[in-house]
Amino acid sequence: MTGTAPAVRDGRSLEGTVVVVTGAGGAIGGAIARLVLDAGGRVVAGDLRAEALAALRDAWGEDRLVSAVGDVRQESTADALVAAGVSAFGRVDSVVANAAVGFYGGVLDYSADEVALMVDVNVKGTVWLARAAVRQFRAQGDGGDIVIIGSVAGLLIGGGKEAVYAATKAAQINLGYALDRELRPELIRTTTIAPAGVNTPFAAADGRFGDRDPSEGDFMEPTDIARAVVYTLGQPRRMRTELWTMWSMSEVH
């Protein structure tokens, strides 16, 4: 006896959804914002510097994109980003905690200010955005997505000269797992996307890959990470991705 296979239900459309992206003036954040917009979504683009958001504003205007300047180390910045989405578009469906800072060197090579900056941006900045998102998702009552851009450095394999950075990325990964367990009964999904080397100015800085230049190899591109974010947001509500690690073909782990 043969039967008919059940139809595969399509994923979620991003058409008209509202996505907050921090660090949207950078390479990966900008790519995420653009692909969400290309998919029909609307974006609240946050960054520390207004000029970093100029290209996005010029390309998309205010009908689909709202830009907001603020320091993610401050809880008020996360609240303001979510409020900007509600004010402009009536709701917020997803947030992407992408803003990050990293310094390369031995544990005694960082200044106290550099250590504090990494911890405050990477850990506190992610926590503040998650809290602001959860408040809004609960008010709306129909779930939502929290996406954290982490790093494979947080998977107990951090390089010998990125210990503090790796610690902050491990914190993000553990935060993501714990939030998933806390929030999934409310249809709030938490995903951590953890890439390895990406061809960005951040990756090329401070000799992170020795004498190798990410722009000259087969390292991943910012758009590769952005595609992963858009795919994650488009997953049907019946599924979720807790942790997605991404490696370029040139890297050994």
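An open sheet of seven strands, paired in parallel, has the order S3-S2-S1-S4-S5-S6-S7. Strands are DSSP runs of E with at least two residues, helices are runs of H or I with at least four, and both are numbered from the N terminus. Two strands count as paired if DSSP finds at least two bridges between them. The edge strands, S3 (65-69) and S7 (243-246), each pair on one side only. On average, neighbouring strands of the sheet are turned by 15° against each other, direction ignored. The model is predicted: local features need pLDDT of at least 70, side-chain atom pairs count only at pLDDT 80 or more, and totals for chains, interfaces and linings use all residues. Residues are numbered from 1 along each chain as its sequence is written, and side-chain values use heavy atoms, with hydrogens and water left out.

Strand S1 (residues 18-21) pairs with strand S2 (residues 42-47) in the parallel sense over four bridges. Here Val20 stands opposite Val44 in S2.

Helix H3 (residues 75-89) lies across S1, S2 and S3 and runs at about 150° to S2. Axes are lines fitted to C-alpha atoms, for helices over the stretch in contact, and angles run from 0 to 180 degrees between N-to-C directions. Helix H7 (residues 222-233) lies across S1, S4 (94-97), S5 (144-149), S6 (188-195) and S7, at about 160° to S6.

H3 also meets helix H4 (residues 112-140): their axes come within 8 Å and cross at roughly 40°. Among the residues making this contact are Val82 and Val86 of H3 and Trp128 and Leu129 of H4.

Technical notes: Contact means heavy atoms within 4.5 Å.
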